Amino acid sequence: MSEEARALAVEASQIADHEGATDVVALAVGSVLDVADYFVIAGASNRRLVRRVVEEVEARCRERLGRSPVRSEGVREQEWVLLDYGDVVVHVFLEEIRGFYEIERLYGDVDTLDWSPAGSSD
C-alpha cells in the first residue's frame with residue numbers, strides 16, 4: 001500500500017468527518033482485494049448531506065492532493081455514492097442504505113486506518 005493511497009484515505013476521511021458524515025471508517029482492504037488499497041466508508045443522514053460530503057471530498061482532494069476520481073457512481077441518486085480513485089474507494093451512504101448493506105462487516109478482518117489528525121499508524 002502506497003503512502004499516496006494512505007494520504008488520500010486519511011484526507012477523504014477527515015473531510016467527510018468535518019462535513020458532518022457519521023461513523024467514518026477507513027479500511028485497509030489491500031490485503032484482501034486487488035482493486036484498491038483502502039475503502040473509506042461514511043454515513044449521512046439525508047441526501048443533501050451525501051451530496052455535500054461527496055462534493056467536498058472531490059474538491060478538496062483535487063485541491064490538496066491533486067487527485068480526482070477515475071469514476072463515480074450513484075451521484076444522481078445520492079443514496080450510495082462511490083468515488084473511485086483507483087487505490088482508494090470512497091463510499092458515502094445514506095444511513096439506512098449503509099445499514100442494509102453492512103459493507104464494513106464484509107471486511108471485518110482487515111486493519112482500520114487511524115485517520116484522526118494525530119493518527120499515524122494502521
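Tutor: Two strands pair if DSSP finds at least two bridges between them. Keep that in mind as we look at this predicted model.

Student: Which residue stands opposite His91 in β5?

Tutor: That is Leu82. Strand β4, residues 80–84, is joined to β5 by 5 bridges, and the two run antiparallel.

Student: How many residues lie between the strands in the hairpin of β4 and β5?

Tutor: There are 3, and in this hairpin Gly86 takes a positive phi near 90 degrees.

Student: Do β2 and β5 run parallel or antiparallel?

Tutor: They run parallel, with 7 bridges joining β2 (residues 38–44) to β5. As an example, Phe39 has Val89 as its bridge partner in β5.

Student: How should I read the two faces of a strand?

Tutor: Here is the general idea: along a regular strand, side chains alternate between the two faces of the sheet. Now try β5, which spans residues 88–94. One side carries Val88, Val90, Val92 and Leu94, while Val89, His91 and Phe93 are on the other.

Student: Are those faces of β5 covered or exposed?

Tutor: Both are covered. In β5, 7 of 7 residues are buried.

Student: What should I look for in a nonpolar core?

Tutor: In soluble globular proteins, nonpolar side chains tend to be buried together. Here the largest nonpolar core has 44 residues, and Phe39 and Val88 are those with the most contacts inside it. The elements giving two or more residues to this core are α1 (3–18), β1 (22–28), β2, α2 (47–65), β4 and β5. Helix α1 provides the largest share, 7 residues.

Student: Which residues is Val88 in contact with, leaving aside its neighbours within four places in sequence?

Tutor: Val88 is in contact with Ala5, Leu8, Ala9, Tyr38, Val40 and Leu83.

Student: And how many aromatic pairs does the structure hold?

Tutor: It holds 4. One of them is formed by Trp80 and Tyr101, a tilted pair at 4.9 Å centre to centre with 50 degrees between the planes. Trp80 is in strand β4 and Tyr101 in helix α3 (residues 95–101), so this pair ties together parts that are 21 residues apart in sequence.

Student: What is the geometry of the aromatic pair that Phe100 and Tyr101 form?

Tutor: That pair is edge-to-face, with 5.0 Å centre to centre and 90 degrees between the planes. Phe100 counts as exposed at 64% relative accessibility, because exposed means over 50%. Tyr101, at 42%, counts as partly exposed.

Student: Which residues form one aromatic cluster?

Tutor: Trp80, Phe93, Phe100 and Tyr101 do.

Key. Residues are numbered from 1 along each chain as its sequence is written. This is a predicted model: local features need pLDDT of at least 70, side-chain atom pairs count only at pLDDT 80 or more; totals for chains, interfaces and linings use all residues. Side-chain values use heavy atoms; hydrogens and water are left out. Buried means under 20% relative accessible area, exposed over 50%, partly exposed in between (1.4 Å probe, protein chains only). Helices (H or I, at least four residues) and strands (E, at least two) are DSSP runs, numbered from the N terminus. A nonpolar core is a set of buried Ala, Val, Leu, Ile, Met, Phe, Trp, Tyr and Cys residues joined through side-chain atoms within 4.5 Å. Contact means heavy atoms within 4.5 Å. Rings of Phe, Tyr and Trp (its six-membered ring) pair if their centres lie within 6.5 Å; planes under 30 degrees apart count as stacked, over 60 as edge-to-face and the rest as tilted.
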